[in-house]
Amino acid sequence: MTAPRTQQAQTQQAQTQENHVTTGATVWLTGLPSAGKTTIAYELAGTLRAGGHRVEVLDGDEIREFLSAGLGFSREDRHTNVQRIGFVAELLARNGVLALVPVIAPFADSREAVRKRHQANGTAYVEVHVATPVEVCSVRDVKGLYAKQAAGELSGLTGVDDPYEAPESPDLRIESQDQTVQESAAALRALLIERGLAR
């Protein structure tokens, strides 16, 4: 009686493995405030989960609240924040999770440090530039940041009165103003499939 049960357990395990893809990677979506990073990340997350992937979205605002509380927006604090997020993302990715990171990360050296951490650990890393122009972002103004900056209530807004160093050669550049959220997410998923990181 034990043999059939063992065989059944093995079959169930094989089906579970077939239904759940365990290839991990960090997908970092960088871009200006209101570029569409988080919206694209959540759209992609839903599609990937439906395909059997383990996915986590590391939302920049949530990280600021729970992991980087107390940090300001100086260059040093921004760098520290990005490194913390990069550490968590790499940890998730090397354990079979697709970590989607819609975080501005305005400085090239900070992003490069995260990429090098992944390379050192043999963990897949994909950099996506959501290259929405600042004029479009300021109209979208999801959080009202551009309006506050224009009214003199806010300073240090990335891409306006604080620097944003756009990636020179990202793995993918998304012009979100020219396509739907679904099209943007599909383009990113196609890249992940091409690299063997999704199906």
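View 1. Helices are DSSP runs of H or I with at least four residues, numbered from the N terminus; axes are lines fitted to C-alpha atoms over the stretch in contact, and angles run from 0 to 180 degrees between N-to-C directions. The model is predicted: local features need pLDDT of at least 70, and side-chain atom pairs count only at pLDDT 80 or more, while totals for chains, interfaces and linings use all residues. Residues are numbered from 1 along each chain as its sequence is written, and side-chain values use heavy atoms, leaving out hydrogens and water.

**View 2. Here are the residues that join α2 and α8.** On α2, look for Thr39, Ile40, Glu43, Leu44, Thr47 and Leu48; they meet Val181, Gln182, Ser184, Ala185, Leu188, Arg189 and Leu192 of α8, where contact means heavy atoms within 4.5 Å. By class, this contact holds 7 nonpolar, 4 polar and 2 charged residues.

**View 3. Helices α4 and α5 are roughly parallel to each other.** The angle between α4 (residues 75-94) and α5 (residues 108-120) is about 25°, and their axes lie 9 Å apart. From α4, the contact includes Arg75, His79, Phe87 and Glu90; from α5, Asp109, Val114, Arg117 and His118 are among its residues. The α4 contact with α5 divides into 5 nonpolar, 5 polar and 4 charged residues.

Note on methods. Helix = DSSP H or I, 4+ residues; strand = E, 2+ residues; numbered from the N terminus. Parallel < 35°, antiparallel > 145°, perpendicular 65-115°, else oblique. Nonpolar A, V, L, I, M, F, W, Y, C, P; charged D, E, K, R; others polar.
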